[in-house]
Each structure stands twice: as C-alpha cells, then as structure tokens.
Amino acid sequence: MAADTKARVKERTEELKNTYHVTPGLAVVIVGDDPASRVYVNNKKKACEAVGFVSEEYALPAETTQEELLALVETLNNKPDINGILVQLPLPKHLDDKAVIAAINPQKDVDAFHAVNVGKIMLGEYDFLPCTPAGVMEMLHSYQIPVEGKECVVIGRSNIVGKPMGMLLLHENGTVTICHSRTKNLAEVCRRADILVAAVGIPKFVKADMVKEGAVVIDVGMDRDENGKLCGDVDFENVKEKCSFITPVPGGVGPMTIATLMKNTLKACKLQNNIAD
Ligand code: NAP
C-alpha cells in the first residue's frame, strides 16, 4: 500500500514538474545523533528521492541552541523551493519542541503538529493530517474495514499519534475510547474494541487476553525487544491468532507514515503554488 501511495505521488510530481515547472521540496531537520531519529530521517530522505522531490537535510549538532534552531526554521519558512518542513522529534532536552513547532509556517507543517493544523483537524476542515494516524486510516479504507458504529480503542494519548488517531476515528463515526497510563481496567476496555490501535511505546504490551476475537489490531509501536530487535506494541505472534486483521512491525504503519508524509508534501506544494488538487 505504501508503495502504491508513493507511486501515485511520483506520478503527480512528474505532472507538476511538466505542467507547472515546480518540484515539491521537503526539508528535514535533525538535531543530535539519536540513532532511531537518524534511521527515520534516512528513510524519509530515500522516500523523497524515490518520488522525485527535492530533499534537504539539516543535521545540527546536539548542542544547537534554541535561537539557532528557530533561525533555521525561519530561513526554511522563507525558502520558496521548500514546501514542507519537518523537525525530527524528539529534540535534545534543552530545546523547546513546542516553540519550534509553533515557529513553522502552518502551510509548510507537513507533520500537522502546529496548533493551527491541530485545530483544523478538530474541526474536520484540514489541509494536512498527521502522517501516522492518516496512514492508519488509509489502511482501514484500503482494506474496506468500516469504522462507523464500531468500538474503537486507542491506547496512547500523545499529540503525535493517540489524540489525532482518536479524532480521525471519531470523524468517521467510530465510538472512540482513548486510554493512557491512568486508565483503569485497561485489558477490559481493550477487549471491547472492534478496532484496537496501540500507540504506547512498550514492546509487546498488548497481549492476546486484551483482544476480542475477530478484532482489527493496528500496531503503531516502534520498539526494541530484549534482543534489540525492532518490534511493535503488540505481542504479534499470540495476538494474530485472535484478530481478523493485524499490522506487522516492521512493515505496517511505519511505511504508511512515510508515504503519507510524501502525500502531505505534495499537497503543500500545490497549496503554496495555487495548483488545484
Ligand atoms: P508517547 O508520547 O510516549 O505516548 C505514549 C502513550 O502511551 C502515552 O499517552 C502514555 O500515557 C501511554 N502509556 C504508557 N504506558 C502505558 C500503560 N502502561 N498503559 C496505558 N497507556 C500507557 O509515544 P508516541 O509518540 O505516541 O509513540 C507511541 C509508539 O509509536 C512508540 O513506540 C513510537 O516509537 C511509535 N511511533 C511510530 C510511528 C510510526 O511511524 N510507526 C510514528 C510515531 C510513533 P500517559 O499519557 O498517561 O503518559
């Protein structure tokens, strides 16, 4: 699915280049040397190259100051060949990620983390959707899994995944419950779910006894198991026997997130150049 989405973006990018002589451009900013962030940034760069975007990487040292980072964001805001700005999170502790996100021009905020874009999502009138929840919705649509009237349980309430995930499921008329570390009787709540989305960040957290027979299980987690191997928030081997659909890790949500980032950057380019969808 991710490959199909990227193929469509590539086709549209060719059309934009040929018809309007514009090429979508994404700037990725990474501060410090967190190995996971490095992998994500490399994957995003590769995807940009594959779909024909201009891709710029700004790798800043861990000791970068808030002022320096904000100055870079401002430069990128004013750079006409850059349509999307992505600041890879998490930032080193001395930097204020909220202030950095707030400084990004909302039209270039292809992660959809800026308060303006978050507000638009709440209202259901958005330009961009956050990449991970949007990728999940695309998977549900593609596999023709109905959301309307279904019990949807999201574990995790981060601004990046859990909250917007709940909102998108709600927009499609799911009955949504968002769980977090203070939720009581979590397993019982999860067992109600027709659609269960795990975005917790704890390896293999969701066990088979937390899943209803026939449920759809979406694993957003990108964790490391006891051997340092990439795994998800769901105990895949045991849970897969119970559910009707399950997304694997690696694979699944991760590639869809990057494909959605490509879609958002293409859209940003069209918006900034007044090109109809
Ligand atoms: P996060 O900001 O750390 O949020 C984790 C959420 O899980 C919090 O809301 C937390 O509750 C909740 N939680 C923690 N322990 C819990 C427990 N024992 N019971 C119930 N809830 C619990 O993480 P995130 O940024 O949303 O990411 C979640 C996972 O998704 C991570 O593995 C991350 O690597 C992965 N991720 C993947 C992609 C992708 O492209 N596939 C993209 C983004 C993130 P409180 O709010 O109460 O603390």
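Modeller: Let us begin with a pair of residues in neighbouring strands. The model is predicted. Val216 has Phe245 of strand S10 as its bridge partner. Val216 itself belongs to strand S7, residues 216-219.

Biologist: How many bridges join S7 to S10, and in which sense do the two strands run?

Modeller: There are 2 bridges between S7 and S10 (residues 245-246), and the strands run parallel. Strand S6 (residues 195-198) also pairs with S7 in the parallel sense, here over 4 bridges. In that pairing, Ile218 of S7 has Val197 opposite it.

Biologist: Which way do the side chains of S7 point?

Modeller: The general idea is that side chains in a regular strand alternate between the two faces of the sheet. In this case, Val216 and Ile218 point one way, while Val217 and Asp219 point the other way. Each of these four residues is buried.

Biologist: In what order do the strands of this sheet lie?

Modeller: The sheet is open and consists of 5 strands in the order S5-S4-S6-S7-S10, with parallel pairing. Its edge strands are S5 (175-179) and S10, each of which pairs on one side only. S5 is joined to strand S4 (residues 151-155) in the parallel sense by 5 bridges. Within this pairing, Ile155 has Cys179 of S5 as its bridge partner.

Biologist: How should I judge a single residue? For instance, is Ser37 buried or exposed?

Modeller: Ser37 lies in helix H2, residues 35-51. Its relative accessibility is 4%, and therefore Ser37 counts as buried. Apart from neighbours within four places in sequence, Ser37 is in contact with Ile30, Gln88, Leu89 and Pro90.

Biologist: And is Arg182 buried or exposed?

Modeller: The cut-off for an exposed residue is over 50%. Arg182 has a relative accessibility of 64% and so counts as exposed. Arg182 is located in the loop between S5 and helix H8 (186-191).

Biologist: What can be said of the chain as a whole? How many helices and strands are there?

Modeller: The chain has 10 helices and 10 strands. Of its 277 residues, 47% count as buried.

Biologist: How does the radius of gyration of the chain agree with that of a compact globule?

Modeller: For 277 residues, a compact globule would have a radius of gyration near 19 Å; the chain has 19 Å, which agrees. Along its principal axes, the C-alpha trace spans about 50 × 40 × 35 Å.

Key: Residues numbered from 1 in each chain as written. Predicted model: local features only at pLDDT ≥ 70, side-chain atom pairs only at ≥ 80, totals over all residues. Heavy atoms only, no water. Rg over C-alpha atoms; globule rule 2.2 N^0.38 Å. Buried < 20%, exposed > 50% of the residue type's maximum accessible area, 1.4 Å probe, protein only. Pairing = 2+ DSSP bridges. Contact = heavy atoms within 4.5 Å.
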